[in-house]
Amino acid sequence: MSDTVKPDRPDEALVLEYDFDAPPAKVWRAVTIPALRERWLPDCDLAGAEPESTIAGEEVRYRLRDSKPPFRESHVIFRIEPNEGGGTRFRIIQQACDERTRLPQPANSNCCLMRAAA
């Protein structure tokens with residue numbers, strides 16, 4: 001057995017799905033009103049308290065940040081839709097951020113822009 005930790009793969013997502021008796025509008029308020037969201041998803045767990053994107057009543061996306069080094073970040077998407085019983089189907093989709101987009105790229109990386117500048 002190896003103690004080697006494999007890096008997060010940005011193309012893999014963790015998906016959780018729940019059905020609630022509450023109507024979609026009530027669940028939507030719980031994920032979008034900061035005072036309500038703070039009860040179960042505190043600001044200290046977020047990279048920014050404001051959502052990255054929102055589709056009103058259907059989906060909201062936040063960026064999470066680990067509280068301990070190496071402070072990895074991930075996207076978490078909350079999807080809300082009515083279920084067959086008159087309640088809410090609530091999906092939580094968490095996906096690691098692509099570290100390459102956060103790290104500075106070397107000037108000699110031969111990427112398309114650098115080749116075009118030559």
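The model is predicted, so I took local features only at pLDDT of at least 70 and side-chain atom pairs only at pLDDT 80 or more, while totals for chains, interfaces and linings use all residues. I number residues from 1 along each chain as its sequence is written, and side-chain values use heavy atoms, with hydrogens and water left out.

Next I checked the partner of Arg 91. Glu 17 forms a salt bridge with Arg 91, with 2.7 Å between the closest N and O atoms. I count a salt bridge when a side-chain nitrogen of Lys or Arg lies within 4 Å of a carboxyl oxygen of Asp or Glu. Glu 17 is in strand β1 and Arg 91 in strand β5, so this pair ties together parts 74 residues apart in sequence. Strands here are DSSP runs (E, at least two residues), numbered from the N terminus. I noted Glu 17 as partly exposed, at 43%.

I then turned to Arg 89, which is buried at 14% relative accessibility. Arg 89 forms a salt bridge with Asp 19, the closest N and O atoms being 3.3 Å apart. That pair links strand β5 to strand β1 across 70 residues. Asp 19 is partly exposed at 46%.

Last, I followed the shared partners. They join Glu 17, Asp 19, Glu 81, Glu 84, Arg 89 and Arg 91 into one network of salt bridges. My search of the whole structure gave twelve salt bridges.

How values were computed:
Buried means under 20% relative accessible area, exposed over 50%, partly exposed in between (1.4 Å probe, protein chains only). Helices (H or I, at least four residues) and strands (E, at least two) are DSSP runs, numbered from the N terminus.
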